[in-house]
Amino acid sequence: MVGIDFTFSNGDHTLLSSLHYANTAIKNEYQRAIESLQEVLEKNIESPTYEAYGFGGVPDWLESKQVNHCFALNKNEENPSVNNFADIVQKYLDVLSNIKLSGPSYFHNILQKAVDKAKPIIDGKLYTIVILVTDGDIDDLPQTVELLQEASKYPISVIVVGVGDADFSNMNSLDSDTGLLRANKQSDPTMRDLVQFVPYRQLMSTPQILSDKILEELPEQFETYMRNAGIKPEFTPEALIKSLTIKHLKSLGGGLL
């Protein structure tokens, strides 16, 4: 499940300075980031399915002309599925001129869709990876943290890919490297770490480091979910599990959604 940021902070897509500027000769940073994800993930995922959404913009094909925080890039809200990452890029380019950049930047709408999809899955056979490609800060941090608390109970991981050079301090705070997330000091923490932040521009010139960063936390996040859910992987030792990349997740008992 991929979400692309169409907030106005990206800049008018017709201007060269925009993160969404694209023509046949120039690939923008969103295109390059998604293609990097394709190179890393598609070769490691067995039998994946894909859904592609936009957020923070006003799509002209929808009846409502208000900002929408979760709309299907294929224009089919009932079936937002796409074929692969290359199809996501193509759908993104196809609709770019039909979306008015707006705001604010909310994550929780797409995350709620992921939670609703993952909640009925209780046997560990499917695992949802949510990828949010965004240019900066979010405006619903408390709601996002609260929803991540719920999501941590279900088979979900979230990869936030930062494009551009904005302040990504809130994105780093979502990545639980220094402690599990809490909505506030009095609230319960998430049950596990489920978010990885990837600063694309900093790493795009070093493909191997970028690849390692994208994959870095997924195996342990998956293994922790399985343990919390009381689902025993088909084989264990923990040290081996921690060294695995996504292509091994299915052999541990989970596919990818």
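At the start of helix H1 (29-41), a side-chain oxygen of Asn-28 comes to within 2.9 Å of the backbone nitrogen of Tyr-30. Helices here are DSSP runs of H or I with at least four residues, strands are runs of E with at least two, and both are numbered from the N terminus. The model is predicted: local features need pLDDT of at least 70, side-chain atom pairs count only at pLDDT 80 or more, and totals for chains, interfaces and linings use all residues. Residues are numbered from 1 along each chain as its sequence is written, and side-chain values use heavy atoms, with hydrogens and water left out.

**Helix H1**

H1 is mostly covered, with ten of its 13 residues buried. Buried means under 20% relative accessible area, exposed means over 50%, and partly exposed lies in between (1.4 Å probe, protein chains only). The buried set is Glu-29, Tyr-30, Gln-31, Ala-33, Ile-34, Glu-35, Ser-36, Leu-37, Val-40 and Leu-41. The cover over these residues includes strands E1 (2-5), E7 (128-134) and E8 (156-162), and helices H2 (85-95), H6 (200-203) and H7. Contact means heavy atoms within 4.5 Å.

The length of H1 also checks out. At 1.5 Å a residue, its 13 residues should span 18 Å, and its end C-alpha atoms are 18 Å apart, which agrees. The expected span is 1.5 Å times one less than the number of residues.

**The largest pocket**

H1 also takes part in the largest pocket, as one of the elements giving two or more residues to its lining; the other is helix H7 (207-215). The volume of this pocket is about 160 Å³. A pocket is an open set of points on a 1 Å grid over the protein atoms alone, where a 1.4 Å probe fits, with protein on both sides within 12 Å along at least five of seven lines; lining residues have an atom within 4 Å of a point. Grid points are joined across faces, edges and corners, and the volume is the space filled by probe spheres set on the points.

Ser-36, Glu-39, Val-40, Lys-43, Met-204, Pro-207, Gln-208, Leu-210 and Ser-211 line the largest pocket. H7 gives the most, with four residues. By type, the lining has four nonpolar, three polar and two charged residues. Ala, Val, Leu, Ile, Met, Phe, Trp, Tyr, Cys and Pro count as nonpolar; Asp, Glu, Lys and Arg count as charged; the others, Gly among them, count as polar.

The table gives the accessibility of selected residues.

| Residue | Relative accessible area | Class |
|---|---|---|
| Lys-75 | 43% | partly exposed |
| Asp-87 | 12% | buried |
| Ile-99 | 5% | buried |
| Gln-196 | 2% | buried |

Gln-196 sits in strand E9 (residues 195-199). Its side chain reaches the backbone oxygen of Lys-213 at 2.7 Å. A polar contact of 3.0 Å also joins the side chains of Gln-196 and Glu-216. A polar contact is a pair of N or O atoms within 3.5 Å; within protein, one must be able to donate a hydrogen and the other to accept it, and residues adjacent in sequence count only if both atoms are side-chain atoms. Leaving aside neighbours within four places in sequence, the contacts of Gln-196 include Val-158, Ile-159, Val-160, Asp-175 and Gln-221.

Asp-87 belongs to helix H2. The side chains of Asp-87 and Lys-91 form a polar contact of 2.7 Å.

Ile-99 is in strand E6. Ile-99 and Phe-6 are 93 residues apart along the chain, yet their C-alpha atoms are separated by 7.7 Å. Not counting residues up to four places away in sequence, Ile-99 touches Phe-6, Gly-57, Val-58, Pro-59, Trp-61 and Phe-71.

Lys-75 lies in the loop between strands E4 (71-72) and E5 (81-82). Its phi is near 70 degrees, a positive value in a residue other than glycine.

A cis peptide bond joins Gly-103 and Pro-104, with omega about 5 degrees. Pro-104 is in the loop between strand E6 (99-101) and helix H3 (108-118).

Eight of the eleven residues of helix H8 (residues 218-228) are buried, so H8 is largely enclosed by the rest of the structure. Among them are Leu-218, Phe-222 and Tyr-225. Just after H8, Gly-230 takes a positive phi of about 75 degrees.

**The whole chain**

The protein has nine helices and nine strands. Of its 257 residues, 53% are buried. Among contacts between residues at least 6 apart in sequence, 73% join residues at least 24 apart.
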